[in-house]
Amino acid sequence: MLHDVVALLRCPHCGADLAAASDARVLRCTAGRHTFDIARQGYANLLAGDARTGTADTADMVAARGAFLQAGHYKPIAEALAAEAAAPGAPSGAVVDVGAGTGHYLAHALDAAPDRVGLALDISKYALRRAAKAHPRAGAVVCDAWRPLPVRDAAAALVLNVFAPRNPAELRRILHPGGTLAVVTPTAAHLAELVGALGLLRVDDDKKTRLDAALAPHFTPERAHRVGFTLDLGHDDIATVVGMGPSAWHTDAAELRTRIAALPDPLAVTAEVTLSRYRPR
């Protein structure tokens with residue numbers, strides 16, 4: 001764990017600051033009451049002992065996501081987030097990706113913001129094994145997005161939230177008063193050619209409205225724009241994109257293979273997301 005990243009963290013139990021022990025394999029809270037291991041893969045585990053990890057991405061889901069993103073299929077989304085990170089006038093602070101997965105989008109943001117460090121937060125240890133190595137200026141921490149985040153108040157200049165759960169009060173707490181929250185959500189058109197054919201989860205047409213309402217007590221919408229493009233996906237790519245997302249929990253593997261085999265190869269598939277920018281209240 002980088003020293004600059006450790007300086008962003010706080011104890012998930014008592015809220016005290018964290019510091020690295022002399023052997024660099026343990027984090028200790030400055031209150032002297034709690035210690036946390038740093039895994040050999042480079043991430044720190046700051047989950048509470050009673051945390052429920054049943055919703056965490058599995059090793060197979062993480063492998064699928066890593067392969068799909070590394071192939072560049074979602075490059076326009078990564079570029080849009082990098083543009084947010086490079087925007088002038090931002091306050092001092094880190095780039096914190098809440099629900100970071102493999103750290104793919106965080107790495108692009110840090111490339112565009114060479115003076116900042118980054119922090120990847122996720123509940124999946126399989127994802128953070130990759131995120132810890134995603135960028136030389138990034139650290140990775142296992143935590144639960146629905147609980148108080150192990151991040152100091154106002155530590156982030158930019159918070160990223162890409163296809164991930166959101167705890168509005170905690171996102172506001174860790175964000176600098178002059179900072180930006182950038183949220184990426186799918187539109188109803190996203191992967192539409194696959195949804196009906198493969199029985200995937202559908203995106204609500206009112207998703208953006210519900211997002212604004214959920215964030216309203218803590219954030220003011222500043223602007224939103226759609227990022228849309230077309231993917232030419234072969235059957236293997238289609239299996240990968242299904243396997244990396246929430247539909248992986250709700251599809252039968254044998255039935256999915258049969259349905260994919262009936263599709264054209266390759267198939268033109270719509271990718272469309274909304275990138276929403278918010279300012280803290």
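Residues are numbered from 1 along each chain as its sequence is written, and side-chain values use heavy atoms, with hydrogens and water left out. Because the model is predicted, local features need pLDDT of at least 70 and side-chain atom pairs count only at pLDDT 80 or more, whereas totals for chains, interfaces and linings use all residues. Helices (H or I, at least four residues) and strands (E, at least two) are DSSP runs, numbered from the N terminus.

Two packed helices are described by the angle between their axes and the distance between the axes. Axes are lines fitted to C-alpha atoms, for helices over the stretch in contact, and angles run from 0 to 180 degrees between N-to-C directions. Helix H3 (residues 75–85) and helix H4 (104–112) have axes that come within 8 Å and cross at roughly 45°. H3 is therefore oblique to H4; angles under 35 degrees count as roughly parallel, over 145 as roughly antiparallel, 65 to 115 as roughly perpendicular and the rest as oblique. H3 passes H4 in a right-handed crossing. A crossing is left-handed if the near helix is turned anticlockwise from the far one by less than a right angle, and right-handed if clockwise. Contact (heavy atoms within 4.5 Å) is made by Ile77, Ala78, Leu81, Ala82 and Ala85 of H3 with His104, Tyr105, His108, Ala109 and Ala112 of H4. These residues divide into 8 nonpolar, 2 polar and no charged, where Ala, Val, Leu, Ile, Met, Phe, Trp, Tyr, Cys and Pro count as nonpolar, Asp, Glu, Lys and Arg as charged, and the others, Gly among them, as polar.

The crossing of H9 past H10 is right-handed. On the H9 side His235, Ile238, Ala239 and Val242 take part, and they meet Leu256, Ile260 and Ala261 in H10. The contact comprises 6 nonpolar, 1 polar and no charged residues. The crossing of H2 and H9 is left-handed. Here Met61, Ala64 and Phe68 in H2 meet Asp237, Thr240, Val241 and Gly243 in H9, a set of 4 nonpolar, 2 polar and 1 charged.

Rolling a probe the size of a water molecule over the atoms shows where empty space is left. On a 1 Å grid over the protein atoms alone, a cavity is a set of points where a 1.4 Å probe fits but cannot get out, and a pocket is an open set with protein on both sides within 12 Å along at least five of seven lines; lining residues have an atom within 4 Å of a point. Grid points are joined across faces, edges and corners, and a volume is the space filled by probe spheres set on the points. The largest pocket holds about 1400 Å³ of space and is lined by 48 residues, of which Arg65, Phe163, Ala164, Gly245 and Pro246 lie nearest its centre. The lining has 31 nonpolar, 9 polar and 8 charged residues.

The second largest pocket contains about 150 Å³ of space. Its lining consists of Arg65, Gly66, Leu69, Gln70, Thr102, Gly103, His104, Ala107, His108, Arg130 and Ala134. Two or more of these residues come from each of H2 and H4, with H2 giving the most, 4 residues. By class, the lining is divided into 3 nonpolar, 6 polar and 2 charged residues.

Local backbone features were also examined. Most residues other than glycine have a negative phi, and most peptide bonds are trans. Ala154, although not a glycine, has a positive phi of about 60°; Ala154 is found in the loop between strand E7 (138–142) and strand E8 (156–162). A cis peptide bond, with omega about 5°, joins Asp265 and Pro266, and Pro266 is found in the loop between H10 and strand E11 (267–280).
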